[in-house]
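Thanks for asking for a few notes to go with your first look at this structure. Have a glance at the model first, and then we can walk through some points together.

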Amino acid sequence: MRFLPPTVLATVCLVMLAASIAGCGEQPWNDPYRAADAGRAIFYGAFAERPKHLDPVSSYSENEAQFTGQIYEPVVQYHFLKRPYQLVPLTATALPEPRYYDKDGFELPADAPAENVAQAVYRVTLKRGILFQPHPAFAQRSDGRYYYHHLTREEVATRATLADFTHSGSRELTADDYVYEIKRLAHPHLHSPVAGLMGKYIKGLTALAERLRAAEGGNHGFVDLRKYDFDGARVIDRYTFEIRITEKYPQFRYWLAMSFFAPVPWEADSFYAQPGMKERNFTLDWYPVGTGPYMLTENNPNRRMVLERNPNFRGEPYPDRGAPGDAVAGMLRMAGKTMPFIDVAYYSLEKEEIPQWTKFLQGYYDVAAVLPDSFDQAIQFGMKGEAELTPSMQDKGVKLVTAVEQATSYMGFNMADPVVGGDSERARLLRQSIAIAVDFEELISIFANGRGVPAHGPIPPEIFGYRAGQSGINPYVYEWRSGHAARRSLDDARALLREAGYADGRDPATGQPLTLYYEAISGGPSGKAQLNWYRKQFEKLGLQLVIRVTDYNRFQEKVREGTAQIFSWGWNADYPDPENFLFLLYGPNGKSKYGGENASNYHNEEFDQLYVRMRALPNGAERQRLIDRMVEIVRRDSPWLWGFHPMAYALNHAWYGNSKPNLMARNTLKYKTVDADLRARLQREWNRPLLWPLAIVLLVLIGSVIPAWRSYRARQRATAR
Amino acid sequence: MSAYIARRVLYALPILLGVNVITFFLFFVVNSPDDMARLHLGNKHVTAQAVENWKAERGYDKPLLWNAEQHGVQRVTDTIFYRNTVKLFLFKFGQSDSGRDIAFDISQRMVPSLVVTLPVFVLELLLTITLALSIALLRGTYFDTWAVIVCVAMMSISLLFYIIGGQFLMGKLLRLVPISGFDGGSAVVKFIALPVLVSVVAGLGFGTRWYRTLFLEEIQRDYVRTARAKGLSERGVLFKHVLRNALIPILTGVVVILPTLFIGNLIIEAFFGIPGLGSYTIEAIQSQDFAIVRAMVFLGSLLYIAGLILTDISYTLADPRVRLT
């Protein structure tokens, strides 16, 4: 038997592979999608982490919201274009306005003081004719019996995906579905992350949770929540329901825009609770049921997730008004047209940055985040320091979209710490001097590629209460020079430190440099560089910063227990209201004592009193006045180094339209457009295969084998010596 | 032989138990059940009650190894370790900490892993043995010298370099195949071409050098000299005699990894977006999902032990003089 030489074998294999790829016609060889999809209005995106929860009651992460936001419809949503962010009705006929009642049940005016309000009622009236997506849970026989509500374990075991259930149905959205979901917040086995928080506000929710826990025991079967009376949410009629909360809490309307308050049909819970369903991974966490413009038709988060247009979606007009400049930017081009514009959305699992970035450059993803490794390829800074695209990106027609995130990233002092914390003048001056020395402008430039806005307080731009310009600077850290905020000099910081009793950064008790401790999470080489940078910032004042690197769990534990001295922390807004940032400094929210979100354990009586008043006020001059005072208090006390508000940078291809960033809304896919023909043309242009280098490799291989073969032949023919 | 196999299977039980104990300790030294609960519930607005509920539902509210509050045998059985470990030995992997059925996920992910590891295994074996025999054939020539140098160089390069280099060259520069991803049916060919090529090339240096050493050792033996003296060609000597006699060391390295092909390659799957068991394990470690980590470590140990038993059996097939008693 004769073997083919390896080079010939390799050539044959390569030719076969090339033939199999080239069999796709005009489709580029490296196209990761099916040829049949070319030219269709499909959105191509990526996700890095498998969404854990798609059940609206437990879904809270950003990576989950990109799916749940398109599927579920709460009663209100954020206007896509207008800024500052404002709520508009989604399935409700109008924005729900609260009515207030005192403890005797008498109605109070809208501006009633919070302390007089014993109950606030939000009445919601739904639009009629809204239908759920097709789903087997709704499938009924002609006699009204459900096809799939009494399945045996064996019947379930024969099915691998929802598509294996041949019948499907739908029904109209009613008030019951919203009330049912609010009851689900209390379900002990659904672990809603906001159950504890909402239990403080929604009347009877905590008691309902206790009743459910007692009634259900260890049984994980279907609990028909319709049978449980609940004061917190009541159905008034088929299209109207009420939510009762126990205090004046105007921010509650923002919660109504989140998936926790999206409708869930009882049929879905009943369907998924059947024996054998969980073993086949048929759960609401995996197969959501909504009324939104899209439905999840493929859920394989190991590979890809597919959203397809919901055939029962009623259609919704694209907004005809926006913020100033939107019309010029082409954002109103689709005004009044019926959404959604995209038929299908493919989200592929992409765990590594390099393949994701390369596929974006090849045109196989419509959008990309600007990742640290690819930043220099994509972004450069102009003469005035403004971010702009590099020439290669401009040649591709890529668009850069930036927005300040409704978030803050800060360095916190533990106010319970005996050295840096507390209300003493000494500690306050120490914190103020450090606040000057740690140059966050430099940090943004070096470690965030300029993607951030230095913070002067806890409230980010575009949130009510934020002040820009001279009136908005933090006078303890900055001064106004030549029309912009300039960080105070190190001499100022040293003077404060001297006043605090730490001249030249030395602890008078020991005569040695004052040693402070920074808790950090290990973060690889770039993280180490940043930690060294922190150390150098403190060294400017003669202070010694000891970095204690630990793992994520221990770090969280130290902050939770109040044993960390200095640490970095951040917050992403749940909703665009100053309350959602100022509550991070509200005393009764202290993390170590009360398990709240006040990680610094900051406590100031005046601030807390103002917070309670501010929270209940509508946006206006009085609220602004209170916020200004609160911000002044915390700036002076300096429990945080205010850090920066991160900026989101996104890159969009030329064919991807209506790309105005909206960092509060999660249901933005319906507004987007795709020019599929332009995409297909550019993909072909950018991805022509290069074959000649392969030929060279083959020639080199052959060239290296021939002399070897000759020497073998020569040896074989040689006579014995 | 059946008595031997039965004995080996019994030996496997304490090994599996030991592996379980080590995994359990390593995991819970780094993560407490509280940490796991907080990671799964998220960082915002999580209450102590929510953490307790989460732990209670998954049995993580029990003591780790010893329950002093119980009596008798329940002091051992009413613990996290016992309740989770016994189920594994019955092949009941249960639910992941995020609520998915682990056995179902394993069954779904095994095929993509095999689709990559099987061709890599076959191609790498064929190529390395062929190359090693060729180098042995040309021993002492410049080809031999350069081949060894190239093999050592290839062994010294990290797999990550091969992956990133392969993606850059084949996917980005030459634009011949998708840089990552996966699909079913015939489309799978274009997705696995690059991970298979990269894996084979990355393993070529080590494999070739290892087999070359084996073959050169065999070539020194008396039966080879006899074969040559009888007038057999060098090719005949190598392929008919040397290869056959080198089978035992080859089988030692090869058969043991056969069963582990099912669990895939962690790094290759992560970089190329292959939805196999390798990436499943990596994700579970990253998300601190102990239920999956425990199941995958158990499965990996089990398959490795199976590989060792298969190796012993294969010796009897390769060499009739070997007896398993």
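Predicted model: local features only at pLDDT ≥ 70, side-chain atom pairs only at ≥ 80, totals over all residues.

1. Chain A brings 71 residues to the contact, and chain B brings 63. Together they bury an area of about 5,900 Å². Carbon and sulfur atoms give 52% of that area.

2. What holds charged partners across this interface? Four salt bridges are found between chain A and chain B. In one salt bridge, the side chain of K351(A) meets that of E283(B), at 3.8 Å from N to O.

3. The elements α1 (6–22), α5 (195–201), α9 (353–361), α16 (552–561), β24 (566–572) and α22 (692–717) of chain A each supply at least two residues to the side that touches chain B. The largest share, nine residues, comes from α22(A). By class, this side of chain A has 30 nonpolar, 21 polar and 20 charged residues.

4. Now for the spaces inside. Rolling a probe the size of a water molecule over the atoms shows where empty space is left. Here, the count comes to six cavities of 30 Å³ or more.

5. The largest cavity has a volume of about 180 Å³. It is lined by 18 residues, and those closest to its centre are P32(A), Y33(A), R304(A), S348(A) and F182(B). Strand β13 (residues 344–349) of chain A gives the largest share of this lining, with three residues. Seven of the lining residues are nonpolar, five are polar and six are charged.

6. The second largest cavity holds about 80 Å³ of space. Its lining includes A435(A), F440(A), N474(A), Y478(A), R487(A) and W642(A). Which strand supplies the largest share of this lining? That is β25 (residues 640–652) of chain A, with three residues. The classes here are eight nonpolar, two polar and one charged.

7. To look again at both topics, you might start with α22(A), which gives the largest share of chain A's side of the contact. From there, move to the largest cavity, where residues of chain A and F182(B) are among those closest to the centre.

Key:
Residues numbered from 1 in each chain as written. Chains lettered and ligands numbered in written order. Heavy atoms only, no water. 1 Å grid on protein atoms, 1.4 Å probe; cavity = no way out; pocket = protein on both sides within 12 Å on 5 of 7 lines; lining within 4 Å. Points joined across faces, edges and corners; volume = space filled by probe spheres on them. Helix = DSSP H or I, 4+ residues; strand = E, 2+ residues; numbered from the N terminus. Nonpolar A, V, L, I, M, F, W, Y, C, P; charged D, E, K, R; others polar. Contact = heavy atoms within 4.5 Å. Buried area = accessible area lost by both parts, 1.4 Å probe.
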